[in-house]
Amino acid sequence: MRRSCLRTRGGPPELLAIPMRRTYVDPLTARDSPRRFVKVNSRALPAIVGILFWGCTSRQVAASPATSPAPAPATPAPQQDTTTRVNLGPGALSEPNADPFPSTYRPATARTTVIRNATIMTATGTTIRGGSILLQNGKIVALGATVNAPADAAVIDGTGKFVTPGIIDTHTHLGVYPAPGVDALSDGNEMTNPSTPYVWAEHSVFPQDPQFPRALAAGVTTVQVLPGSANLIGGRSVVLKVVPSPTVRGMKFPGAKYGLKQACGENPKRVYAQRGPSTRMGNVAGWRAQYVLAEAYRRRWDKWLADRKGDPPVRDLGLETLADVLRGNIFVQWHCYSAADMEGAMEVADEFGFKVRSFHHGVEAYKLADILAAKGISASLWSDWGGFKIEAMDGVRANLALIHNAGARAIVHSDDASGMQRLNQDAAKSVSEARGLGINIPDEDAIKWITINAAWALGLEDRIGSLEPGKNADVVLWDKYPFSIYAKPEKVWIDGALSFDRLDASQRWRTDFELGFVPEPAGGRTR
């Protein structure tokens, strides 16, 4: 068989024959076919191409008869940008702050409401005794000793009662570990790789989890649902409003930033003991390796997004999440118990230039309280849990108070569906322990541990977490002093809509899971 290369002689192209052997490679089997199979060393390819090119050009030169000198080439025209802009399909881009699954939440119908004669704990540092608060069009409109309310407003007498912002839990697994706790519903830990930044907790949330309405009845209005702590990097969190919805997107807090769950210490060591990393130094190396890749990924995409010319880089869902951490668009929520592990985590964050938004559990956070305050890192803690594993042995019951006293943001979190129903009591326990150390935590500060400080950890402090005009009307009316073990929420509003009323059982939220079998009424169905 003969192959040819092009030759021009000032006229139409001519073909110059070059003898070549007939060769063939079966692309499926890579075996000798009936035709001869020739193996070529890849490192020899440049030389082979050069020989072929030289052969073509040398033959052309040799075959050309002597002619008059060729005219001087014309001055080349200015080079134009021939780069084409690619028409990209859905899902091709890795853009900062992308929200491919936006919230579909719509507030329930809200009636204008005024609560009078109550003690209002604003979480701004002030308490209004015998005050009033006006909720209208989903917002807090006014509060003070007196407020002017429309004639058609619902008026609630708050005498002897207390008003607080809705409680916010920065750490829960509601929905991803729903009740009942069976393997079929256990979707909180993707334990297939020590780094899974490509998974999103919202895709495991079961909206019919009967623990949601129980949280609402405890005054909890906003939660951050996190993946579990088996992995060094466990995946994205999701912030939800505690409202009934057939879909998780109907619960998503509109515009809330994503968090990224990362974990230190014993959990990833135990889970990956046979697969690695199995040591704390391996953990740190694992985070660093991932962020090295993420930094390169971020640069490639930032460069392409600046001009959007040519084919974009290949999209990677995991590196996309980590790149947005590096840009500051995703908040790192880091599971760490010991001071040594928190130090290692902060070193990694400093090396790659991102911020830790909150350390979770932090049984030894009190040892680094001054460092957390200086770096602006919050601590999402229990009041007195500890002692259940080695890294939780050196806890103190005044952990929250010591963090607060150092000037850092102290937050009471649950990591437990039952504990979530008693976050006010958990805060009260730490206040009591602080008094034993001579630290006085006033109510105006303690209420922040379950409201505005938690809102800050989620990046929502401008919308929820305190009672101020213009903020979302997420409000709880307590029947007693909220730091009493006997106190219960009487009414709860979310975006100004009455979402729970202890005095009206007919309006209680019951998930579909709880309804069970509903017998058909006598006489058949009604339509």
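Visitor: What's the strand order in that open sheet of six strands?
Guide: In this predicted model, the order is S10-S12-S13-S14-S15-S16, and the pairing is mixed.

Visitor: Which strands sit at the edges?
Guide: Those are strand S10 (233-236) and strand S16 (410-412), each of which pairs on one side only.

Visitor: And how much are neighbouring strands turned against each other?
Guide: By 25° on average in this sheet, ignoring direction.

Visitor: Let's zoom in on S12 and S13. How many bridges join them?
Guide: Five bridges do, linking residues 259-263 of S12 with residues 331-336 of S13. The two strands run parallel.

Visitor: Can you give me one pair? Which residue of S13 is the bridge partner of Ala263?
Guide: That's His335.

Visitor: OK, helices now. Which strands does helix H4 lie across?
Guide: H4, residues 280-307, lies across S10, S12 and S13. It runs at about 145° to S12.

Visitor: What about H6, which strands is that one touching?
Guide: Helix H6 (residues 339-352) packs on the sheet and touches S13 as well as strand S14 (356-361). Its direction makes about 155° with that of S13.

Visitor: Stepping back, how many helices and strands does the chain have?
Guide: There are 12 helices and 19 strands.

Visitor: And how much of the chain counts as buried?
Guide: 47% of its 527 residues.

Visitor: What about the accessible surface?
Guide: It comes to about 26,600 Å² for the chain, with 53% of that belonging to carbon and sulfur atoms.

Visitor: Last one: of contacts between residues at least 6 apart in sequence, what share join residues at least 24 apart?
Guide: For this chain, 68% of them do.

Conventions:
Residues numbered from 1 in each chain as written. Predicted model: local features only at pLDDT ≥ 70, side-chain atom pairs only at ≥ 80, totals over all residues. Heavy atoms only, no water. Pairing = 2+ DSSP bridges. Helix = DSSP H or I, 4+ residues; strand = E, 2+ residues; numbered from the N terminus. Axes fitted to C-alpha atoms, helices over the stretch in contact; angles between N-to-C directions. Contact = heavy atoms within 4.5 Å. Buried < 20%, exposed > 50% of the residue type's maximum accessible area, 1.4 Å probe, protein only. Areas by Shrake-Rupley, 256 points an atom, 1.4 Å probe, with all protein chains shown as cover.
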